[in-house]
Amino acid sequence: MTVRKIKVFVVLIILTAIYSTGLASSNGMKVKINDVDVRFNIYPRIADDKLLIPVRELFEFFGYKVIWNGTDRTALCTKDGKEVLFDVDKGEIRFDGRSEVLDSPFPIIEGRIFTPPRIIEQTLDVKVQWHEDESTVYFWDEENADISVSGSENIVAVGENIIVNITRRYRIEKVNEIIAEADRLYLDNNLVRAVDKYEEVLKHISSTENPEEYGHVMINLGSTYLELSKILDKEENIGKAILIFEEVLKKIPKEQYPSIDAYAHIGLGDAYMNLSMIRDMKNNSLKSLAEYDEALKFINKEDYPYHYAGICHSKGVAFICLAQTEQMEENIEKAFRSYEEALSIYREEDYPKEFAKVKINQALAYTYHFRMRGENDDLEKGIDAYNACLKYVSKDEDPLGYAKTLSNLGILYIQNFMVKPTKENLNKTVSTIEEALKIYTMDKYPLLYAANQNNLGFVYLVSPYNEDREKNLYRGLEALNNALKVYTAGDYPYYYGIAHINKGRVYTYLSDFKDSEENCREAIRHFEEALKVFTADRYPFYYAEACTHMALAYKKLSNYDDLKGNILKSIERYNEALNFYTLESYPVYFASILQSLGSSYIQLSYVENSKENIYRAIRAYENAFKVYTEESFPYYYSDTLIYMGDAYEYLSTIENTVENSLESIRYYQKALDYSIEQGINLRTSWLYLRMAKSYVHMAWAKDRKENIKKALEACNKALEIEDTKNNATAYGNANFVLAQIHLILSDFEEKEENLVKALNASDESLKIFGVNDGKTRVEILRIKGDIYCKLAEVKDSEENLQKALDIYDEALNIFKLRGERFPEIYASIYCSRSEALNRLAHIKDREKYIGEALLSCKEAMEIYTVDAYPLGYARAWHIMGDIYMNLGSIRDRNENLRLARESYDKALKVYTMEKNPQFYKEITEKKSIIYNEK
């Protein structure tokens, strides 16, 4: 049986950002490009119920030079060798070597050529959407439209606080009209026109004659390019900004104009921070921090508190960026200190908007800190920080900011839910994301819609294992399919990879319910698709993430095909992930993978090197306990207790039965206490069944009557839980354990009645576990065969022994059909088979059946070596001694008695009075008979 659990893997949720509200034109029309509000001189308009777009505004915004030829009334738009020609009177558009003629000429309104949206879509490779209810035209540039969604390697943008407008922090006494106009364009977000105006000013001033004006214009020009970089041509526009700020530092003397120098350093800090989110995060984050520190030499807390706080806020963001590349905990702590310093000035009552913006990034820092340390206090602080933001982000006044804050709050709710997987927390998380999706619709905000659909899919895939689990997985699959309508491999490979990892996980978990092998293979296909994007060199974090989840899919697939091969692939993938997820850098991931790796070693122990692999599993669980403590992660701590109990339970069948069974019960009891306290009924049932199984093992070795009564008591407690009967797997396992209990009880009381109960229980279990449940079905069949052997002591000896042999052969045929075997179970069946044959030899064809019994026992001995399976070794030699005793009754008496005695002596090397008193006494009595007969 597999323990169900939810991993603390949360990097596959996608973070969203907060931006400003819309900017309306004089006619009420608004424009958003890549989800950012922009200002135009001439806006789109509706004419004859059709949307028309101004050509010059759009093409200039996307970097084209527009040349108007008044003679032939054409407009030529050029950029990087590409040409688009609008012939007004002919209504003709020429581009990419082809032309198209419209039904009517291009209209000219207020001196601007206007065109239908489809022409803009074809020539600029953008999507155009008109939303009449908002009076807004949305433009989405396919190559640069991901500015609204930040992945785990990126940071929520600070928004307008990153780019501090020089006119708010620095006033020029004598500023000419054209500079003031350029500043107004900048403030209105009419960025392309602002660039034109600032560049026009620079033709008439110099750094030597007008240093103050020159510094002002250059810094605002650099800031304008940074704002443009949020919309399109990110790296190109950031590069322009960096050159401009560096030019200011070269040409304006710091001693005479310290404020200009400081603001140029702020601009460089902002530019490098934005660049760090595109490439070379470590070096650019370090450059950003160095520039901010230079600015703080002039902008101090006492003289410039407002701007000092703004720089501290930006430093916090830069430290979070840096934390993604090195010294994560140290840099997150520095980010916390920077945010606190900013909040010492941006107090809620004085600067509510600035306070909210710092809090949203502080919340993000708590998110990263939780991922690294796994401390629940971080979750609570992060949630409190996001809720503080919501006081100042209104759904009516700023729906986009409201939705984005809810999205990020939903992410923390996801993590909180994973620590406390209650139905209440699930509902709260889902409702928060769904509230954001009321604003983030597919048609208006496709990327933010996709991000939240991905996150919703993630919530459902980590939902609790209860009666709604299968439905929730299908809901998650639907949400992820919605996300992939936007996240294509060509346009958004990063997010495409994340969504495919999440889909792979959903299919992995769906394999628990139906189409098991098919769903496992489908899961692996999705992980392979993700690994086409997430290579170890380019995306080590996500490479490790994909490997981790692929390992689970292989592990589940091993239950249906090629157990050893798929388990080895699982172990290989887990170890690949552990090369990146270390205890020091990612303790939560480290612990979760070790927990899973341990269970893979347990499965591998079924087919080879049992003891060695069980001890490997135990070591893995012990290391997981370094992170999963009872205080920090009670649910996952409980999980690991169960895994550790399972390891010792299996080990008890190989060596030191009593000692290892008691150890397993100790772990199960601690997990049971937590499960009962939390009211996790099905989990409680499984734990009672596990304890019952351990008591059964002990009953075979010591204090048989006392231990089997304890086993019956635990099994009955499991069956009293309603969820046990409603869950087929739990009910099947309960009957399997019950069959073993009644088999042993038959030695003490109501022998035939208990054996009939045992047979009925085994039959009930076999109704649930079919041939595809290979290992479990084989184990049940072995027990059923043992029951018939015992029943042969009461009645119909030959008939019941033959039934037992037929059942053992049925079990062995399952191994043949699957083309693989579980060595320990295989050997155990041959031991049981040899006992049945030896007893049948007492009834008929003695020499024939003794010969078959010897061969069957020797088959078991090929596997049961004293080092690998000491208890199996002892059992096999015990049976072999009985066979030689029987053989000695028909021929070569002294020789066979000698062989019997030697066989018993080998068994007693393992069966000691201290560890296995029942078998020890039984064998020593048989040896006494041999000595007496001699």
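A: Let's start with His742, which is found in helix H29 (residues 728-745); helices here are DSSP runs of H or I with at least four residues, strands are E runs of at least two, and both are numbered from the N terminus. At 9% relative accessibility, His742 counts as buried, where buried means under 20% relative accessible area, exposed means over 50%, and partly exposed is in between, using a 1.4 Å probe and protein chains only. Leaving aside neighbours within four places in sequence, His742 is in contact with Asn754, Lys757 and Ala758 (contact means heavy atoms within 4.5 Å).

Some ground rules before going on. This is a predicted model, so local features need pLDDT of at least 70 and side-chain atom pairs count only at pLDDT 80 or more, while totals for chains, interfaces and linings use all residues. Residues are numbered from 1 along each chain as its sequence is written, and side-chain values use heavy atoms, with hydrogens and water left out.

Now the wider view. The protein has 37 helices and 15 strands, and its C-alpha atoms fill a box of roughly 125 × 65 × 45 Å along the principal axes. Of the 934 residues, 61% are buried. Among contacts with a separation of 6 or more, 64% join residues 24 or more positions apart.

On to the core. A nonpolar core is a set of buried Ala, Val, Leu, Ile, Met, Phe, Trp, Tyr and Cys residues joined through side-chain atoms within 4.5 Å. The largest one has 326 residues, and Phe59, Phe86 and Tyr487 touch the most other members. Helix H20 (residues 540-557) gives this core its largest share, 12 residues. Not counting residues up to four places away in sequence, Phe59 touches Tyr64, Val66, Cys77, Val84, Phe86, Ile120, Thr123 and Leu124.

Tyr487 also belongs to an aromatic cluster, whose other members include Tyr492, Phe534, Phe541 and Tyr589. Rings of Phe, Tyr and Trp (its six-membered ring) pair if their centres lie within 6.5 Å; planes under 30 degrees apart count as stacked, over 60 as edge-to-face and the rest as tilted. The whole structure has 41 aromatic pairs. One of them is Phe298 with Tyr304, tilted, at 5.1 Å centre to centre and 35 degrees between the planes. Phe298 is partly exposed at 22%, and Tyr304 is partly exposed at 27%.

Charges turn up over rings too, meaning that NZ of Lys or CZ of Arg is within 6 Å of the ring centre and within 35 degrees of the ring normal. Arg683 has its charged end over the ring of Tyr635, 4.7 Å from the centre. Lys775 does likewise over Tyr606, at 4.2 Å.

As for disulfides (cysteine sulfur atoms within 2.5 Å), the count is zero. Take Cys547: its sulfur is 17 Å from the closest cysteine sulfur, in Cys520, so that is too far for a bond. Cys547 is buried, at 0% relative accessibility.

Last, confidence: pLDDT is the predictor's confidence in each residue, from 0 to 100. The mean is 83, and 90% of residues reach 70 or more.
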